[in-house]
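Biologist: Please take a close look at one part of this model and walk me through what is built around it. Keep it brisk, and give each cut-off as you go.

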Amino acid sequence: MDKITFEDRVAVVTGAGNGLGRDYALELARRGAKVVVNDLGGSGSGEGASASAAQAVVEEIRAAGGEAVANTNSVATREGGAAVIQTALDTWGKIDILISNAGFLRNNRFEDLTDEQIDPIINVHLKAAFYVGQPAYRAMRAAGYGRILFTGSASAMFGHAWQANYAAGKGAMLGLSNVVALEGSAYGIQSNVMLPTASSRLEAEMTPGFMEIPQFAKSFEKADFSIAEGRVVPEFNTPLALYLVSEACTATHGVYSSNCGRYARVRICAAEGWVSPAGDVPPTLEDIASHFGQIEELGDYSEPMTPYDEFTSAVKAARKQGVLA
Ligand code: NAD
């Protein structure tokens, strides 16, 4: 296998001042990319701002001999998103790679979520994907090449109590990326979603209150976390994220999970189902009820109901593949 490099590539990583984004930026630069390190520098719940987070990562990259510039705009506004991409165009004349990664949490029960907990979360996850994605896509389309990675979450794909706001914003990445992948296919643009798993400052924003939901608490208690040990550092997510934005990757229109060293495709699938036999006559509710078992039948798929169930599936895979005893 030839070494995968990003020589002559220009990458933008949003929210790259901490956690996952920081490691993506460092590794992209190590492998030759010129990197725009964007970060507003706020708290784990999206309050405040500081230029130091982005600047520190830029300095780290430069000290190691790499090329990077800082951008401290918020991606949660149209002007901010445009300015992030403009930094790449002004500095290096192009953008090849966008990793839309910035984000934060504001957890609460579904019935208690306020606009202060809903709007900023939708803005930083869903709308920001448009605000940075659209100007990046336009430049990529003109150049005939682009790699876009949107950051989703297992909390959205499988569900996580007390995160309805976050799951709504993150779940939208699926539809958005699917369409970007389809429209972009004519212009050399690929788009995928990755669901990362890492210990980061967002853990401080998790509230144990969600354990009050018996089913959820049961999933958590039953979860087999044995694969997680030592594998929850951001560095375990970077190889898949960077492969997906490399020239070597031809996959597009996909969703991929990075779960403590287990890398797997995640997909929405439609089962064979039941076909109504009555010609032009629609079936009755009772027809549906009596065939509901066949409609629901999926075959041999793993269907996590929470991120904790997914841990257990990852451990099962690790045991089957001899990685765990
Ligand atoms: P983190 O808090 O360490 O890093 C996120 C960064 O985004 C921070 O540096 C923050 O300042 C920046 N940011 C926030 N709002 C911004 C804005 N408006 N404009 C620009 N920058 C902004 O968190 P992380 O764990 O590295 O998370 C990175 C991404 O991965 C997030 O989108 C998060 O929702 C997602 N994610 C994380 C996990 C996990 O287990 N850590 C799981 C699923 C998804």
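Modeller: Two strands pair if DSSP finds at least two bridges between them. Helices (H or I, at least four residues) and strands (E, at least two) are DSSP runs, numbered from the N terminus. The model is a predicted one: local features need pLDDT of at least 70, side-chain atom pairs count only at pLDDT 80 or more, and totals for chains, interfaces and linings use all residues. Residue numbers start from 1 along each chain as its sequence is written.

S7 and S8 make a hairpin with 2 residues between them. Cys260 sits in the turn and has a positive phi of about 55°. Strand S7 covers residues 254–259 and is joined to S8 by 5 bridges, running antiparallel. Ser257 has Ala264 of S8 as its bridge partner. Tyr256 faces Arg265 of S8.

Now the whole sheet. It is open, has 8 strands and mixed pairing, and its order is S3-S2-S1-S4-S5-S6-S7-S8. Strand S3 (67–71) and strand S8 (262–266) are the edges, each pairing on one side only. On average, neighbouring strands are turned by 20° against each other, direction ignored. Helix H1 (residues 19–30) packs on this sheet and touches strand S1 (10–13), strand S2 (34–38), S3 and strand S4 (97–100). The direction of H1 makes about 170° with that of S1. Axes here are lines fitted to C-alpha atoms, for helices over the stretch in contact, and angles run from 0 to 180 degrees between N-to-C directions. Contact means that two C-beta atoms, placed from the backbone, lie within 7 Å.

Further along the order, S4 and S5 run parallel and are joined by 4 bridges. Leu98 stands opposite Ile148 in S5. Strand S5 (residues 146–151) is mostly covered, with 6 of its 6 residues buried. Buried means 20 or more other C-beta atoms within 10 Å of a residue's own; exposed means 12 or fewer, and partly exposed is in between, with C-beta atoms placed from the backbone. Cover comes on both faces of S5: Gly146, Ile148 and Phe150 are buried on one side, and Arg147, Leu149 and Thr151 on the other.

Back to H1. Because 10 of its 12 residues are buried, H1 is largely enclosed by the rest of the structure. Among the buried ones are Tyr24, Ala25, Leu26 and Leu28, and also Arg22 and Asp23. The cover over them includes S1, S2, helix H2 (52–63), S3, S4 and helix H8 (238–244). H1 should span 16 Å at 1.5 Å a residue, and its end C-alpha atoms are 17 Å apart, which agrees. The expected span is 1.5 Å times one less than the number of residues. Gly32 follows H1, with a positive phi near 100°.

Next, the core. In soluble globular proteins, nonpolar side chains tend to be buried together. A nonpolar core is a set of buried Ala, Val, Leu, Ile, Met, Phe, Trp, Tyr and Cys residues joined through C-beta atoms within 7 Å. The largest one has 70 residues, and those with the most contacts inside it are Val12, Val13, Ala25, Leu28, Val35, Val37 and Ala136. Helix H4 (residues 115–143) gives the most to this core, with 10 residues. Ala136 contacts Val12, Ile85, Ile95, Leu98 and Ile148, leaving aside neighbours within four places in sequence. Apart from this core lies another of 7 residues, including Phe236, Phe311, Ala314 and Val315.

H4 has a helix partner too. The axes of helix H3 (residues 78–92) and H4 come within 8 Å and cross at roughly 35°.

Last, the S8 end. The buried residues of helix H10 pack against helix H5 (154–157), helix H7 (214–222), S7 and S8. They include Tyr308, Phe311, Ala314 and Val315. For contrast, take helix H9 (residues 285–296). The number of buried residues among its 12 is 0, so H9 lies largely in the open.
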